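These notes are meant to be read with the structure open beside them. Please follow the numbered points in order.

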Amino acid sequence: MRTQAAILWEARTEWKVEDIELDPPRSGEVLVRVAAAGLCHSEEHHLTGDVPFAAPMIGGHEGAGYVEAIGPGVTLVKPGDYIVFSSVPNCGRCPSCAEGRQNLCDSAAGIMGGRHLRDGTSRHHASGGEDLTITCLVGCYARHTVVSEASVIPVDPSVPPAVACLTGCGVATGWGSAVYAGGTRPGSAVAVVGCGGLGSAAIQGARLAGARRIFAIDPVPFKRDKAREFGATHVAPSVTGALDLIREATWGRMCDVVVLTMGVGRADMMDDILALAAKRGRVVVTNIYPATQARPLLTMNGLGQWEKQVVGCIFGSVNSRADIPRLLGLYRDGLLDLDGMVTRTYPLEEINAGYQDMRDGKNIRGVLAMSLRALPRSRRRTGATSRRPSLHR
Ligand SMILES: [Zn+2]
Ligand SMILES: [Zn+2]
């Protein structure tokens with residue numbers, strides 16, 4: 001079938017929205033009509049050249065949509081089902097999945113930089129005939145995509161796609177970083193460094209897990225204001241600026257959990273970040289670092305003498321099959337604010353404008369709403385309010 005997708009042909013260029021040819025789903029695969037896709041920071045690392053990728057690649061790994069067709073052998077979903085993409089596939093059978101570590105599913109090797117489907121062939125082809133890779137085995141910056149059954153999670157159809165999509169990457173990742181990887185408990189002091197999509201979810205996870213103090217650190221005033229709405233008790237513009245604040249508010253004990261969710265990680269900040277952590281405090285490294293800038297500077301004695309921990313975290317250490325429905329349930333009950341995280345929606349054709357707003361610090365999360373069409377230039381400025389109803393399908 002013919003559809004449209006946003007393709008990155010090489011680093012340091014723009015997304016190109018083009019017609020593509022999409023093959024029908026093969027064995028174990030699902031054709032999905034994408035309804036909404038979040039503009040996650042991960043793809044930006046490919047665009048800037050920080051992280052290599054297999055070009056040409058369709059972006060998008062945080063999305064929601066409707067199953068249109070299934071290939072042979074698919075039993076998990078049927079046409080018409082409403083799904084959220086799991087940005088890490090969840091095969092359920094590999095050793096990692098069998099141990100309950102679905103976020104480390106062995107079928108996810110190398111997915112971030114774009115891959116073909118699990119059998120190594122492509123369903124997605126550019127109009128010139130070139131095979132296209134899809135990021136995270138999803139590729140949902142598109143009106144339709146074909147993915148493995150392992151990449152779809154059937155969910156409650158009453159949650160609108162523009163908010164449900166966030167749970168497929170950013171919200172699960174941020175929330176799980178504070179709750180699972182960080183181990184936030186009632187009474188914990190938690191610092192969240194970087195308050196975009198991941199950080200906003202980490203703050204809410206910490207709040208729901210019972211944190212007593214939540215310190216939100218971000219240089220952008222708008223994001224600090226939003227952080228307070230999500231549950232931060234204190235805010236600071238920088239890591240070094242937060243030191244005295246945290247020392248005073250915790251009687252010198254510092255933070256039990258420090259979650260790193262800045263859009264672009266800075267390994268040379270690691271010593272300052274470790275200073276925020278308490279005895280046995282845990283620093284959760286969730287964000288992505290430029291390939292050239294990944295060596296931390298650490299004062300090793302601080303680690304040993306205070307028993308500090310630095311732990312890595314991918315996809316919030318969540319189990320997407322259990323946790324995506326769990327997060328949507330919390331949203332339904334009014335305990336998790338997803339509406340407040342979607343700052344603005346854009347038509348697929350305006351993906352580059354959406355990423356520019358992210359670079360400019362204007363969005364907690366921008367979301368592509370596939371039902372929207374690009375407006376004529378003269379009407380765009382007034383688009384913000386007229387776009388709002390698209391949150392609901
Ligand atoms: Zn993501
Ligand atoms: Zn697996």
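1. Cys94 is buried, with a relative accessible area of 10%. Buried means under 20% relative accessible area, with a 1.4 Å probe and protein chains only. Cys105 counts as buried too, at 3% relative accessibility.

2. This is a predicted model, in which local features need pLDDT of at least 70, side-chain atom pairs count only at pLDDT 80 or more, and totals for chains, interfaces and linings use all residues. Residues are numbered from 1 along each chain as its sequence is written, chains are lettered from A and ligands numbered from 1 in the order in which they are written, and side-chain values use heavy atoms, with hydrogens and water left out.

3. Which residues hold the zinc ion (ligand 2)? Its protein donors are the SG atoms of Cys91, Cys94, Cys97 and Cys105, at 2.3 to 2.4 Å. Donors are N, O and S atoms within 2.8 Å of the metal (3.2 Å for Na, K and Ca); water is not among the atoms, so sites may look incomplete.

4. The arrangement around the zinc ion (ligand 2) is tetrahedral because its 4 donor atoms subtend angles of 103 to 118°. For four donors, tetrahedral requires all angles to lie between 85 and 135 degrees.

5. Along the sequence, the donor residues of the zinc ion (ligand 2) follow the spacing C-x2-C-x2-C-x7-C. Cys94 sits in the loop between β6 (82-85) and α2 (95-98), and Cys105 in the loop between α2 and β7 (124-126), so this pair ties together parts 11 residues apart in sequence. Helices (H or I, at least four residues) and strands (E, at least two) are DSSP runs, numbered from the N terminus.

6. The largest pocket has a volume of about 970 Å³. On a 1 Å grid over the protein atoms alone, a pocket is an open set of points with protein on both sides within 12 Å along at least five of seven lines, whereas in a cavity a 1.4 Å probe fits but cannot get out; lining residues have an atom within 4 Å of a point. A volume is the space filled by probe spheres set on the points, which are joined across faces, edges and corners.

7. The lining of the largest pocket has 50 residues, with His41, Leu198, Thr261, Met262 and Gly263 nearest its centre. Its largest share, 3 residues, comes from α1.

8. The whole structure has 1 cavity of 30 Å³ or more. The largest cavity holds about 40 Å³ of space, and its lining consists of Leu39, Gly354, Met358, Asn363, Ile364, Arg365 and Gly366.

Conventions: Tetrahedral: all angles 85-135°; square planar, octahedral: opposite > 155°, others 65-115°. Buried < 20%, exposed > 50% of the residue type's maximum accessible area, 1.4 Å probe, protein only.
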